[in-house]
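I wanted to get my bearings in a structure I had not opened before. Here is my notebook, starting with the thing itself.

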Amino acid sequence: MRALIAHFHVISASVWLGCVVTEAMFERALLGRGPEFERTLAALHWRVDLGIELPALLLTVLSGGWLFFLAPHWSAVWWFKFGAGTLAVAANLACIGLVRLRQTKADAGDWAGFARVDAAQHRWGAVVALGLLAALGLGVVLHA
Ligand code: HEM
């Protein structure tokens, strides 16, 4: 049972990480190419957040919580991993809120507001990536 949940946890975390990388790539491709592209980008990012990123994030947290419930332990590595995972979750939820706000700015044609929210969203995105990579590395250490 535990092995099954651990596999599920790694798969959902991988989907989450893959989604973050894919989003970074389409952000790079479409940003700065004018209002039409940026409006499309804002809508696309919001749809991917709702359809893929948020479900993958929630499944990772649920399966991680379940794993901990099955075999609680209190090593330093575990606490660092928990910290990194929680940081990634919190930063990603902030990012999702900013992506939605950016879309409303784009739809309203408020391009100064769009640029402000966009910059904040990319800063939080970098925190998400760091948290995910740290949680992944520490998860591999826990597994070893
Ligand atoms: C807050 C979110 C998370 C929680 C609560 C959590 C919790 C856990 C727990 C309890 C374990 C089992 C550790 C053990 O007893 O050996 C685990 C393993 C693991 N986690 Fe997470 N995790 C979270 C997020 C993540 C993320 C974001 C990643 C990767 C991007 C990740 C990757 C892994 C890996 C690779 C393992 C090893 C699985 C194995 O033993 O086969 N986790 N996690």
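**Ground rules**

I am looking at a predicted model, where local features need pLDDT of at least 70 and side-chain atom pairs count only at pLDDT 80 or more, while totals for chains, interfaces and linings use all residues. Residues are numbered from 1 along each chain as its sequence is written, and side-chain values use heavy atoms, with hydrogens and water left out.

**Entry 1: the fold**

I looked up the elements and found 4 helices and 0 strands. Helices (H or I, at least four residues) and strands (E, at least two) are DSSP runs, numbered from the N terminus. Along the sequence the pattern reads α-α-α-α. The C-alpha trace spans about 50 × 25 × 20 Å along its principal axes. I also checked burial: of the 144 residues, 33% are buried. Buried means under 20% relative accessible area, exposed over 50%, and partly exposed in between, with a 1.4 Å probe and protein chains only.

**Entry 2: the ligand**

Which residues come nearest the ligand? I noted Arg2, His9, His73, Lys81 and His143, out of 21 residues around the ligand. A residue counts as near if one of its heavy atoms lies within 4 Å of the molecule.

Next I went through the polar contacts. Such a contact is a pair of N or O atoms within 3.5 Å; within protein, one must be able to donate a hydrogen and the other to accept it, and residues adjacent in sequence count only if both atoms are side-chain atoms. For Arg2, an N or O atom of the side chain is 2.9 Å from an oxygen atom of the ligand. His9 has a polar side-chain atom 2.8 Å from a nitrogen atom of the ligand. For Lys81, the distance from a polar side-chain atom to a nitrogen atom of the ligand is 2.4 Å. The elements giving two or more residues to the shell around the ligand are α1 (2-30), α2 (35-70), α3 (76-108) and α4 (111-143).

I sorted the shell by class and got 11 nonpolar, 8 polar and 2 charged residues. Here Ala, Val, Leu, Ile, Met, Phe, Trp, Tyr, Cys and Pro count as nonpolar, Asp, Glu, Lys and Arg as charged, and the others, Gly among them, as polar.

**Entry 3: the largest pocket**

Where does the ligand sit? The ligand takes up the space of the largest pocket. A molecule sits in a pocket if more than half of its atoms lie within 2 Å of the pocket's grid points. A pocket, on a 1 Å grid over the protein atoms alone, is an open set of points where a 1.4 Å probe fits, with protein on both sides within 12 Å along at least five of seven lines; lining residues have an atom within 4 Å of a point.

The volume of the largest pocket is about 990 Å³. Grid points are joined across faces, edges and corners, and a volume is the space filled by probe spheres set on the points. I found 31 lining residues, with His9, Gly64, Leu67, Lys81 and Gly139 nearest the centre of the largest pocket. Helix α1 gives the most to this lining, with 10 residues. By class, the lining of the largest pocket has 18 nonpolar, 11 polar and 2 charged residues.

**Entry 4: the second largest pocket**

This one holds about 300 Å³ of space. Its lining has 19 residues, and Val20, Glu23, Ala24, Gly125 and Ala126 lie nearest the centre. Helix α4 gives the most to the lining of the second largest pocket, with 7 residues. I counted the classes there as 10 nonpolar, 5 polar and 4 charged.

Is Leu130 buried or exposed? Leu130, in helix α4, is exposed, because its relative accessible area is 61%. Its C-alpha atom is 9.8 Å from that of Gly85, 45 residues apart along the chain.

Val117 is also in helix α4, but Val117 is buried, with a relative accessible area of 8%. Leu98, in helix α3, is buried at 17%.
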